[in-house]
Structure formats: C-alpha cells, structure tokens
Amino acid sequence: MSRNSTYQFVSTDTAALVSQLIASYEQMTGVTVRPASPERLFITWVASVIVQERALNNYTGNQNIPSRATGADLDALGELFYSQVRPQAQPAITTMRFYISEPQPNAILVPFGTRVTDKEGTLVWETIADAFIPIGETYVDGIVQCQEPGVIGNGYTPGQIDVLVDVFPYYERCENLTESENGADAATDDEYYELMRASMDAFSTAGPEGAYAYYARQVSTRIADVVLTTPNPGQVTIYVLMDDGTIAGEEIKNAVYEACNDRFVRPLTDYVVVDDAEVVSYDIEFTYYISRSQTASAADIEAAVNAAVDKYIVWQSAKLGRDINPSRLIGLLMETGIKRVDLVSPVFTPIRDGEDNSVPQVASVGSITIVNGGYEDD
C-alpha cells in the first residue's frame with residue numbers, strides 16, 4: 001500500500017451529510033426545507049463545520065498509523081519499533097594521510113579536530129580522533145569528516161583534499177587517499193518507515209538475514225539495497241548497492257562492516273565480510289518512430305524519450321539481482337507517445353541475485369545510442 005494513500009475513518013461527503021440533516025430536521029419539525037430557505041443555509045453551515053471536524057478526525061487517525069504518518073508524528077510512532085530514532089544527516093568521510101618533512105625521534109601528534117580543505121576552500125574537513133606519526137615514520141593515516149553534513153561532501157577524489165588549515169610541527173603535506181563518501185541527508189518519511197519495518201528483524205540476536213540487512217542499511221540513507229550470502233559455513237558476506245546504482249565505496253563498506261561486526265550484533269560464530277557485487281554492463285540502442293497524427297512536437301517527444309531512458313536506467317540498477325529487462329524499456333518508451341520502437345539492445349539477460357550463495361550481480365549501463373527515425377503513417 002502506498003504511503004501517500006489515506007484511510008477514511010469517517011465519511012466527508014458534504015452532500016450526503018446535508019441530505020441527512022435536512023431529512024432529520026423535516027422529520028422533527030414537519031417543515032419542508034426549500035433550497036433558498038434560512039433553514040437550508042443554516043443546515044449547510046452546520047454541515048461544513050461537521051465535515052471539517054471529520055476531516056481532522058481522519059487526519060488524526062492516519063497520523064496514528066505508521067504507514068501513513070508523516071514528520072514528527074512518524075517520529076513519535078518510532079517508539080513502537082526497534083528503530084526508534086530517524087537517521088539524521090551525516091557527514092561525508094575520507095581517509096587522510098598527513099606527512100612530515102623527515103622522521104622524528106618522538107611521535108608527532110596530529111590533533112583531534114585538525115582541519116583540512118581543498119585548494120578552493122569549498123568545504124572544511126576535520127580529524128575525528130588524535131593520530132600519531134610513529135617514531136621513524138613520515139606519515140600517518142586518519143579519518144576526516146566534513147563539517148557540513150549531507151551528500152554535499154561526497155565525491156571528492158583522491159588527492160583533491162590537500163590543504164592543511166591547522167598546521168602542526170614538521171608538517172610537509174597532506175592528501176586524501178580515498179574518495180569521500182558516506183555523506184547522507186536525513187531519512188525521508190518513506191525511508192524511515194521502511195527502516196522501521198526492517199528493524200523488527202533486529203530483535204533477534206541469532207543472526208537472521210533481516211537483522212544484518214537492517215544494521216547495514218542504518219549506515220546511510222543512500223544505501224538502496226543489501227544482499228547477504230553464506231558462501232561458506234559461518235561466513236556472512238554482505239553486498240551493498242547505493243541509490244545511484246553503484247557499488248558501495250571503501251568508506252561505506254568499512255562502515256557497514258563495523259556496524260554488522262559489532263559484538264552486540266554479530267553472533268559469536270559468524271565471520272562477516274563486506275564484498276563487491278559483480279557488475280554486468282549493457283548498452284542501450286534503438287530507433288523510434290513518430291506517428292504523423294501525433295499532436296505533440298518532435299522536440300517534446302524527444303525530451304520524453306530521453307526522460308524515459310533515464311528512468312529505465314535508474315530502475316534497472318536500483319536493485320541487486322534485477323534482470324536486464326528490455327520489455328520495461330519498451331513500455332516506458334511507448335508511454336512517451338511514439339508510434340513504435342526498433343530496439344537493438346539491451347536483450348533480456350538474467351542477473352544473479354545471490355539466492356544460491358553466489359556473488360550477486362547488478363546491471364550498469366554502458367553506451368547509449370538513440371536514433372529518431374522520423375515520421376510514419378499510422
């Protein structure tokens with residue numbers, strides 16, 4: 001059931017209510033209520049007040065149902081679930097390497113809160129813990145997090161963050177070693193509701209699939225799908241897909257590992273591994289034709305076709321193990337108003353979902369070739 005739907009506890013049909021009130025009034029008084037009579041105007045006003053109260057009753061009732069509640073009301077209902085708090089926005093992180101000019105006879109401290117940024121100073125990052133450059137060494141690695149939470153800090157490539165704000169003794173240079181990721185916005189109502197439902201599996205400490213998936217998803221609201229396999233006795237392998245259809249990067253995988261390998265989560269006999277799913281590439285190539293009787297302009301049709309392709313690409317890579325399905329693409333294209341489509345690729349391709357404990361796969365688009373074949377008679 002869609003979260004956008006509402007359940008109607010009491011009727012808000014104004015016409016039916018007015019008819020009911022008029023019938024009751026005429027029965028009690030013996031007076032016929034005419035369309036323009038004062039009695040009719042008064043009854044109509046009373047009915048409008050009653051309908052407004054009924055609408056408020058319906059709204060209140062729906063806000064007490066988790067699948068329909070929104071905002072603070074949904075947060076309040078979190079007490080009924082294992083996941084009681086809505087995931088808030090979290091900052092992006094990356095692994096930073098700090099260099100000194102030469103080895104020293106004593107450990108050099110890179111203090112907690114040491115700030116770094118990129119050459120343009122777009123965002124500021126800071127270390128989350130003290131780090132020491134060991135005696136005789138010239139660098140140390142540490143995690144830095146963006147001071148501004150959310151997805152804005154994601155996507156800084158290795159070496160892009162290389163300016164130190166807070167200088168420490170013997171400092172020479174610094175650089176990020178991994179692409180920044182793990183930044184996420186606060187969970188939407190839909191995301192929090194789905195997390196609530198998934199959290200019910202977390203009450204068990206016996207290592208069920210749903211519990212591991214729940215703890216993995218808690219790491220970031222950008223995680224779109226989680227698949228678990230047991231390729232060997234006692235081994236739990238976790239595969240994570242992001243909401244942009246890509247495989248999780250190192251920072252996300254490390255965070256998922258820490259969450260699922262916690263001794264209060266992982267059964268003592270389990271061995272947890274976070275690994276990459278296998279990417280299966282596919283191309284999109286087709287020619288579409290427009291009916292001469294089509295009233296929409298060719299430019300509008302072209303824009304709609306491109307939008308349909310984008311929608312298909314998102315759908316195809318939104319889930320691990322989703323078969324490459326050209327019928328879905330054809331269906332989306334036909335909704336744009338074209339007459340027909342001559343599809344060359346993709347072709348139907350089964351994708352492993354990991355159910356047999358094999359490595360799951362995810363589809364990823366390669367080249368895209370769209371040709372406008374022009375007009376055709378009906």
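Colleague: How many salt bridges does the structure hold?

Modeller: This is a predicted model, and the structure holds 15 salt bridges.

Colleague: What makes Glu278 and Arg352 a salt bridge?

Modeller: Their closest N and O atoms are 2.7 Å apart. The cut-off is 4 Å between a side-chain nitrogen of Lys or Arg and a carboxyl oxygen of Asp or Glu, so the pair qualifies. Glu278 sits in strand β12 (residues 278-291), while Arg352 belongs to the loop between β13 (340-345) and β14 (361-376).

Colleague: Why is Glu278 called partly exposed?

Modeller: Its relative accessible area is 36%. Buried means under 20% and exposed means over 50%, so a value in between is partly exposed. Arg352, at 31% relative accessibility, counts as partly exposed too.

Colleague: And what of Glu376, is that residue buried or exposed?

Modeller: Glu376 is buried, because its relative accessible area of 17% is under the 20% limit. Its salt-bridge partner is Arg340, with the closest N and O atoms 2.8 Å apart. Arg340 has 34% relative accessibility, so Arg340 counts as partly exposed. The two residues are 36 places apart in the chain, Glu376 in strand β14 and Arg340 in strand β13.

Colleague: How do you know that Glu175 and Arg173 form a salt bridge?

Modeller: The N to O value is 3.8 Å, and the limit is 4 Å, so the pair is counted. Glu175 is partly exposed at 23%, and Arg173 is partly exposed at 40%.

Colleague: Which residues have the most contacts inside the largest nonpolar core?

Modeller: They are Ile223, Ile238, Val240, Val256 and Cys260, in a core of 23 residues. At least two core residues come from each of α5 (209-217), β9 (223-229), β10 (235-242), α6 (250-260) and β11 (271-275). The element that gives the most is α5, with five residues. Another core, of 20 residues, lies apart from this one, and Val280, Ile324, Leu329 and Leu332 are among its members.

Colleague: What does Ile223 touch, not counting residues up to four places away in sequence?

Modeller: Its contacts are Ala216, Arg217, Val240, Leu241, Met242, Ile252 and Val256. Two of these names return in α6, where Ile252 and Val256 are among the buried residues. The buried residues of α6 pack against β1 (93-100), β6 (139-146), α5, β9, β10 and β11.

Colleague: At what angle do α4 and α5 pack?

Modeller: Helix α4 (residues 189-199) and α5 pack at about 145°, with axes 9 Å apart, and their crossing is left-handed. Leu195, Ala198 and Ser199 in α4 meet Gly210, Tyr214 and Arg217 in α5.

Colleague: What makes the backbone at Tyr170 and Asn182 worth a look?

Modeller: Most residues other than glycine have a negative phi. Tyr170 has a positive phi of about 70°, and Asn182 has one of about 80°. Tyr170 lies in the loop between β7 (161-164) and β8 (171-176), and Asn182 in the loop between β8 and α4. At 42%, Tyr170 is partly exposed; Asn182 has 9%, which is under 20%, so Asn182 is buried.

Colleague: Which residues does a cis peptide bond join?

Modeller: Ser345 and Pro346, with omega at about 10°. Pro346 lies in the loop between β13 and β14.

Note on methods. Residues numbered from 1 in each chain as written. Heavy atoms only, no water. Core = buried A, V, L, I, M, F, W, Y, C linked by side-chain atoms within 4.5 Å. Buried < 20%, exposed > 50% of the residue type's maximum accessible area, 1.4 Å probe, protein only. Helix = DSSP H or I, 4+ residues; strand = E, 2+ residues; numbered from the N terminus. Contact = heavy atoms within 4.5 Å. Axes fitted to C-alpha atoms, helices over the stretch in contact; angles between N-to-C directions. Left-handed = near helix turned anticlockwise from the far one by under 90°.
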